[in-house]
Amino acid sequence: MSPHPVVQAVIDLSAGAIGGTACVLSGQPFDTAKVKMQTFPTMYKGFVNCFISTYKQVGFRGLYHGTTPALMANIAENSVLFMCYGFCQQVVRNLAGIDSETKLSNVENALAGSFASVFSSLVLCPTELVKCRLQAMHEMEVSGKIAKGQNTVWSVVKGVLRSDGPLGMYQGLTSTLVREVPGYFFFFGGYEFSRSVFTSGGKSKDDLGVLPVVFSGGFGGACLWLSVYPIDCVKSRIQVLSMAGKQAGFLKTFTSIVKYEGIPALYSGLTPTMIRTFPANGALFLTYELSRKMMMKQFDT
């Protein structure tokens, strides 16, 4: 027996939260390197140099700066994302005029994921703003753009509220939406496509083992980042550099980077991002699928 829609939503939300936690714990150091290199592309020679420099400057804990807001961001984002993903799958079925029990195609699942990302962006933006600022705090202080002392979650939040008010927590929302909507089309599309390849022999997607699910999650993550990485770079710049004063919007920031730093600057930090995507997104989907399956079993007859 299928659970009540409200119960189904709670299951998807809970499984998304568990998956988001696993994603952060498995990939935070690489995400930190990504943000540092996106914001200060000329400060590091590569991601290995970024790792080593961060370790020498502030120790191993420097690679985990922003973990608390990262956990908040990923738990909030993935809870809402997967809860709305289930809801948006039903919306896609209604729009396509197909039965509610019919399995969606890979493209239809991708569209559902893209729709769901609009809702997850609203909870992601404020927490990611804090995360990015904490991750690049050392570089902002060294470059003289801000004074020292804003190195805790609460100090960053207070600084934003004091200078820009509550709406200041949504700096970078436009670029977040521009990144998330197409990005999650490729994310869920890539994940479902990869799972389809593993089930080409007639096996059900629900019966896939650990390695196929982990690989499919990583493949979906790679599709996301390769499709929208320059947008994420612009978002990080806006959210971090706005600490030093009012920052230009998405289009002005994008054109400024291309004009003065060149297109390669838009891809600074791509290497640690691609290294991170397989363990992090593999862990995300594996824990999501396993926890969701375990909770759904409670309603099997």
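## Stop one: Glu 180

Select Glu 180 and show what surrounds it: leaving aside neighbours within four places in sequence, Glu 180 is in contact (heavy atoms within 4.5 Å) with Glu 77, Ser 117, Ser 120, Ser 121 and Leu 124. Before you go on, note that this is a predicted model, where local features need pLDDT of at least 70, side-chain atom pairs count only at pLDDT 80 or more, and totals for chains, interfaces and linings use all residues. Residues are numbered from 1 along each chain as its sequence is written, and side-chain values use heavy atoms, with hydrogens and water left out.

Glu 180 sits in helix α7; helices here are DSSP runs (H or I, at least four residues), strands are E runs of at least two, and both are numbered from the N terminus. Is Glu 180 buried or exposed? Its relative accessibility is 3%, so Glu 180 counts as buried (under 20% relative accessible area; exposed is over 50%, partly exposed in between, with a 1.4 Å probe and protein chains only).

## Stop two: Ala 76

Now pick Ala 76, in helix α3 (residues 67–96). Ala 76 counts as partly exposed because its relative accessibility is 23%.

## Stop three: α6

Jump to α6 (153–164). Its end C-alpha atoms are 16 Å apart, which agrees with the 16 Å that twelve residues should span at 1.5 Å a residue (1.5 Å times one less than the number of residues). Colour Ser 155, Val 156, Val 157, Gly 159 and Val 160, the buried residues of α6; they pack against α4 (106–135) and α5 (137–142).

## Stop four: the second largest pocket

Select Gln 171, Gly 172, Ile 238, Lys 246 and Gln 247, which lie nearest the centre of the second largest pocket among its 18 lining residues. A pocket is an open set of points on a 1 Å grid over the protein atoms alone, with protein on both sides within 12 Å along at least five of seven lines; lining residues have an atom within 4 Å of a point. This one holds about 290 Å³ of space, the volume being that filled by probe spheres set on the points. α7 gives the most to the lining, with three residues.

Methods: 1 Å grid on protein atoms, 1.4 Å probe; cavity = no way out; pocket = protein on both sides within 12 Å on 5 of 7 lines; lining within 4 Å.
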